[in-house]
Amino acid sequence: MRLLVLSALIGLVGTVQAQDVPTAFKTGFVESGSILRNSITNLHVQGDSLWIGPFLNVTPNEGGTWLVAEADSLRGSRNRIFSIDIEGDVIWAGLGFTSTTDGNSVAAAGGFLVSTDGGQTFNYRFPQLDAPGETQIEYGINTLNALDVIVPEQSPPYDIDYDPVTGTVWVAGWASGIRKSSDGGLSWERVVLPTDNLDAVSPDQQYDFTVEPQRGGMGWLNHMGFAILVDELGTIWAGTPDGINRSTDGGQAWRKFKFDGTPNGLTGSWVIAVEEEPVEGRNPIWMATWNAGEAGENGRFGVTVTRDGGQTFDQVLIGVRAYDFAFDADGTVYVAAEQGLYISRDDGRSWTSVTNFNSPTSERVLPSRVEVFSVAVTDEAVWAGTSDGLVRSTNGGRTWRAFRVEVPLSPDEPSDAIPETETFAYPNPFSPAANGFTRLRYELERSSSVRIRVFDFGMNLVRTLPSETRAEGVHETLWDGTSDQGTRLPNATYFYQISTDAGTSWGKILLIE
């Protein structure tokens, strides 16, 4: 049902009519009315615009207008955005999807969308996979055996970085490892990294190992790609489950750094994100470094930063499971994490955390604690992508405004997925433990008093929500699945009644745990 609603929402988008939308977005984009999914895993800022995964949403005016790119390989398909990088008018978006194999769900490669005109048109590129039988790699003086990675499963493009200086695009594709393309994605070259038992490789040295990701008892963790960055000096940083790999010669020779148990090394060897902080002098490189438990190490979750190109490392936010980084022009560092959003205004020496993104003046409410998957900074605001919506702060993280999927009560073209209705509840089915609350959505044609009551299947009154007077427009009221006595109600079907000056509406909620 959720996928049907999402598909229908994408189908409701219309032509761009907003007067304050820049000319560059008048072609190739349609209005979406809101973001198109509440779990926001990717944010990227280019100029004044904020781009949002997983469906190439973009706002060119700080949330005043929401657009979506007309990309056929994304809209109406099973694909979603796994990674995105934008440099000027060049856009690279890594696509992936969830594949079910033997009853198990795995992430899979879906190819790439490439635009050279700021998103007005896109071209599709195939996934970064091998042809069957491509089992050898020429690496300097070596001819190395390699596993040919030929299926999309377990090779999604988790990270992507386009280098405008060389025109090369780099991809971290999990089982397909680190790969690069110098011809716009028409062909891909496998990048040779050190094996787990080597600290470095160089093409002028002789080796006898197989290039292959770890699977079962075979292969190497360091041949699995999770993060990639080309920094301001052209140094390439590749994050894997076995450490951070650094190349200063365009990706030929590599040196690997991993968890070594000291306070001057990585907190853990699994590097899932790498970003550079633009400052005067050498840009610091910030890394989300996780405990690589599958490698048998005793590392810790946290953040590792190098301010001298990998000569030394500092550890911060020990115990925090970090996902993403963003930086303000004034030197503020933002870290998106499982536990919330962390903010440092003194180069990481001290941190404050944000776990509640709700505003007392807004009905768009998020649960008291949400995961923050992504973070980005525009000229006017800091944005955080959470597991339950997108939030924006224009005062450095002190107060927030939430943006969520706006499913219309009265769509212009009703359908089975989005019918015309007086009220609905979401999420529905609803789990108090997983969701915190369900939102009861309704619309008033004029200011009115509102009373909401909840009944069990036998039509016994179990909860009366506080009565209030609300203005004309769309509103949401929260119910946490408890009775008037504050006790958790059992799993069952419940009915709610919304009484206003204009009449009464009914809706149904399935409560499950």
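Among contacts in the protein chain between residues at least 6 apart in sequence, what percentage join residues at least 24 apart? With contact meaning heavy atoms within 4.5 Å, the share is 50%.

This is a predicted model, in which local features need pLDDT of at least 70 and side-chain atom pairs count only at pLDDT 80 or more, while totals for chains, interfaces and linings use all residues. Residues are numbered from 1 along each chain as its sequence is written, and side-chain values use heavy atoms, with hydrogens and water left out.

Next, select Ile272, Trp286, Val303, Phe325 and Val335, which have the most contacts inside the largest nonpolar core, a group of 25 residues. Such a core is a set of buried Ala, Val, Leu, Ile, Met, Phe, Trp, Tyr and Cys residues joined through side-chain atoms within 4.5 Å, where buried means under 20% relative accessible area with a 1.4 Å probe, protein chains only. Colour strands 22 (270–276), 23 (285–290), 24 (302–306), 26 (322–327) and 27 (333–337), each of which supplies at least two residues of this core; strand 26 gives the most, with four.

Now centre on Phe325, whose contacts, leaving aside neighbours within four places in sequence, include Ala273, Trp286, Val303, Val335 and Val375.

Finally, select Leu56, Ala71, Ile86 and Phe122, which are among the 22 residues of another core, lying apart from the largest one.

Terms used: Buried < 20%, exposed > 50% of the residue type's maximum accessible area, 1.4 Å probe, protein only.
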